[in-house]
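I opened the model today to look up a few sites. My entries follow, in the order I made them.

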Amino acid sequence: MRAVKIFDTTLRDGEQAPGCSMNISEKIEVAKRLEKLGVDIIEAGFPVSSPGDFESVKKIASVIKTCVVTSLCRCLEKDINVGWEALKKAESPRIHVFLATSPVHMEYKLKMTQEQVLEQAVNCVKYAKKFNSDVEFSAEDAFRSDPDFVCKVFSAVIKAGALTVNFPDTLGYAMPEEFGKSIRYIKENTAGIEKVFLSVHCHNDLGLAAANSISAILNGADQVECTINGIGERAGNASLEEIVMGLKVRRDYFNVETKIDTTQIYSVSRLVSQVTGIKLQPNKAIVGDNAFAHEAGIHQHGVLSNRETYEIMTPQAIGIPKSKLDSSSNLVLGKHSGRHAFEERLKELNINLDEKTFEKVFGDFKKLTDKKKTVSLRDIEALVMNETTSVPEIWKLDFWELKTSSSAGASGVIRLRRDGEIYEESICGGDGPLDSIFRTINKITGKEPELELYELGAITDITGADKNGVEGSSSQGETMVKIALNDKYGCLRRWNGRGVSTDVIESSMKAYLAAINVMFYEIEGR
Ligand code: KIV
Ligand code: ZN
């Protein structure tokens with residue numbers, strides 16, 4: 001069976017899409033889960049783009065052991081210097097350089113001729129080779145480029161030492177059959193291509209990114225670049241789970257394998273959705289909420305007799321927890337559940353925690369059982385997220401009080417703590433209670449970010465009961481906010497925050513403060 005490499009760019013092309021930003025702890029957690037998933041290459045970021053990206057690539061390079069870690073660089077010495085500085089401690093580093101080859105990009109973006117592009121591509125691959133043997137070259141907008149020019153550039157960069165050449169459909173313009181033909185053409189007309197890996201990188205503007213990637217594999221591509229949940233610029237990138245499950249379910253047709261442990265797919269997908277705040281459409285292939293739901297009576301009847309009547313893969317194959325599938329076995333936990341039961345639930349969610357983090361999360365779980373009679377898998381996921389993906393709590397919520405009425409508006413007090421000192425402000429003014437709270441937090445912290453998104457949902461997927469056993473009264477509120485502010489370079493930056501509490505006002509405050517803390521951490525370093 002032919003092996004195809006999975007190059008995951010969730011943390012670079014995915015993260016760079018508007019609204020998909022992640023903080024450094026979130027990126028590290030995602031990288032660790034991608035390693036467990038079994039991807040071959042993790043593209044960890046674009047280090048020259050910001051100090052935050054540099055730091056996260058550096059950290060990911062130091063913690064990931066079994067995957068190649070790569071960082072993106074333009075074909076510029078400065079980018080390669082910074083990219084290598086971030087990567088150099090990685091067990092298996094790769095420098096990924098790119099330069100556009102399409103007429104429109106060369107004329108209007110680069111203002112360069114074909115000859116200049118060819119020369120710069122070769123020079124930068126040679127320059128990157130001085131640092132590292134594993135170098136990948138991408139011809140940005142390759143699909144809309146003159147195929148003979150791409151072959152010429154690929155032949156030259158292979159001669160200069162590139163070990164992987166990547167053919168992106170940057171604009172998601174290709175149709176599967178013609179994309180496959182392009183790949184065949186490249187394979188047949190590029191000198192030295194048999195000695196290196198040919199990669200593809202497809203965007204989803206016409207909804208064909210996974211189909212194009214698979215067509216490329218059929219025509220000889222050795223590597224596909226993709227993201228979890230298909231997140232990415234505009235309509236996104238090719239979705240990892242769609243490509244991998246396509247190859248697995250139709251192994252009879254493709255005779256191709258990947259190293260992915262598909263039972264990890266569901267948990268990584270959930271994590272990426274939670275940290276980015278990008279919810280999946282319910283009918284999203286493979287990982288959407290309805291991907292394995294059978295509503296129509298005739299379908300239910302068929303599935304009950306034999307699952308294969310209406311299912312081409314099992315939910316277990318992608319790691320959907322048993323208790324999520326079967327509400328009668330949704331074994332929730334409660335006050336008297338011990339460590340063992342808690343560990344079992346973590347296992348079901350495919351979550352491994354080191355001892356110290358386990359103790360913290362278990363402590364949080366015990367506290368939660370004082371407020372809620374039943375704790376579901378979703379609650380446990382939220383507790384784990386809180387401990388594993390947050391940055392240092394620079395501003396801590398110490399106390400709050402809020403009164404609100406239709407006639408008098410909101411009033412009360414918020415008390416925050418920073419470095420052991422207390423900061424207190426009265427709540428007043430504002431357009432409704434949440435606006436008043438956020439304004440008061442701004443007043444205390446001295447920063448006035450724009451609130452770009454506020455979302456409130458219930459975290460518990462089965463009806464929760466409070467500590468007195470009253471059903472339906474104690475789902476945890478989960479709030480997601482996105483804030484934006486110009487940094488000192490005048491660059492608009494965005495940060496996400498999540499907050500979970502049995503009180504929705506508190507979950508909103510926690511989410512806002514979480515985003516404020518990431519902002520302080522990334523802008524001021526503390
Ligand atoms: O879409 C694209 O062309 C890219 C390259 C930088 C690989 O993301
Ligand atoms: Zn891309």
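I started at asparagine 166. Beyond neighbours within four places in sequence, asparagine 166 is in contact with His96, Glu136, Phe137, Ser138, Ala139, Phe154, Ser199, Val200, His201 and Glu225; contact here means heavy atoms within 4.5 Å.

I noted the ground rules. This is a predicted model, where local features need pLDDT of at least 70, side-chain atom pairs count only at pLDDT 80 or more, and totals for chains, interfaces and linings use all residues. Residues are numbered from 1 along each chain as its sequence is written, chains are lettered from A and ligands numbered from 1 in the order written, and side-chain values use heavy atoms, without hydrogens and water.

I then placed asparagine 166 in strand β7 (residues 164-169); strands are DSSP runs of E, at least two residues. A polar atom of its side chain lies 3.5 Å from the backbone nitrogen of valine 200.

Asp13 (OD), His201 (NE2) and His203 (NE2) coordinate the zinc ion (ligand 2) at 2.0 to 2.1 Å. Donors are N, O and S atoms within 2.8 Å of the metal (3.2 Å for Na, K and Ca); water is not among the atoms, so the site may look incomplete. I wrote the donor spacing as D-x187-H-x1-H. Histidine 201 is buried at 6%, and histidine 203 is buried at 4%.

Terms used. Helix = DSSP H or I, 4+ residues; strand = E, 2+ residues; numbered from the N terminus. Polar contact = N/O pair within 3.5 Å; in protein donor to acceptor, adjacent residues only side chain to side chain. Buried < 20%, exposed > 50% of the residue type's maximum accessible area, 1.4 Å probe, protein only.
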